[in-house]
Amino acid sequence: MTDPSQCMVLAGLAAMIGAETIVESGTYKGAATRALAEANPKARVWTADLVEYPEVADLPPNTRFYHGDFMDMLTAIQQPINFAYIDASGADNKQTRLRLTHSIAVADRLSPGGIICWDDRSEEHTSELQSPCKSRMPS
């Protein structure tokens, strides 16, 4: 679960860049989703999780919860992605590969000036991802 201070930072980063399309992998109970949506009311926040917890039933109206695979959700998004939060818990090899797959898919669609943030990542298995946040610099 993303703690409140992390939620504030994520929401602030998305607002700072004027994100219009936000994606999240790993909704859990929706704390980060809610913070992102409330701080960015003009943005569309897409979030996916394999488990649907009751708390996601009352997410803000600019949120789209996808009960299923994140990669399937991405196919429904036509716009460039401005901000992504990859929050898949677990440090085992399977979860690490999943986060890397999600990260690569998002990076391919990230707008100039877009940001990807990660949580629950394993340093041992993700040496390519040196920082918890990456940005695509505008050209």
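User: How many of the six residues of β2 are buried?

Analyst: This is a predicted model, and the strand in question is mostly covered. A residue counts as buried when its relative accessible area is under 20%. In β2 the number of buried residues is five.

User: Which strand is joined to β2 by bridges, and how many bridges are there?

Analyst: The strands β1 and β2 run parallel. Within this pairing, V23 stands opposite W46 in β2. The partner of β2 is β1, and the number of bridges that join them is five.

User: What is the distance from E24 to the nearest side chain of opposite charge?

Analyst: E24 has its place in strand β1. This residue is buried yet has no salt bridge. A salt bridge needs a nitrogen and a carboxyl oxygen within 4 Å. For E24, the nearest side chain of opposite charge is R34, at 10 Å.

User: Which side chain makes a polar contact with that of E24?

Analyst: E24 is without a salt bridge, but its side chain takes part in a polar contact. The contact has a length of 2.8 Å, and the partner is T47.

User: Which side chain makes a polar contact with that of D87?

Analyst: D87 lies in strand β4, which covers residues 81-87. It is buried yet has no salt bridge, as the nearest side chain of opposite charge, R99, is 7.2 Å away. The side chain of D87 does make a polar contact of 3.4 Å, and the partner is Y85.

User: How many salt bridges does the structure hold, and which residue pairs with K29?

Analyst: The structure holds two salt bridges. In the one formed by K29, the closest N and O atoms are 4.0 Å apart. The partner of K29 is E55.

User: How many residues apart are K29 and E55?

Analyst: This pair links distant parts of the chain. K29 is in the loop between β1 and α2, whereas E55 is in the loop between β2 and β3. The two residues are 26 residues apart.

User: What is the arrangement of the aromatic pair formed by Y28 and Y53?

Analyst: The count of aromatic pairs comes to one. Its ring centres are 4.9 Å apart, with 75° between the planes. Planes over 60 degrees apart count as edge-to-face. The pair of Y28 and Y53 is therefore edge-to-face.

User: How many disulfides does the structure hold?

Analyst: Among the cysteines, C7 is buried at 6% relative accessibility, and C117 is buried at 2%. A disulfide would need two cysteine sulfur atoms within 2.5 Å. The number of disulfides in the structure is zero.

How values were computed: Residues numbered from 1 in each chain as written. Predicted model: local features only at pLDDT ≥ 70, side-chain atom pairs only at ≥ 80, totals over all residues. Heavy atoms only, no water. Helix = DSSP H or I, 4+ residues; strand = E, 2+ residues; numbered from the N terminus. Buried < 20%, exposed > 50% of the residue type's maximum accessible area, 1.4 Å probe, protein only. Lys, Arg positive; Asp, Glu negative; His and termini not counted. Polar contact = N/O pair within 3.5 Å; in protein donor to acceptor, adjacent residues only side chain to side chain. Phe/Tyr/Trp six-rings, centres within 6.5 Å; stacked < 30°, edge-to-face > 60°. Pairing = 2+ DSSP bridges.
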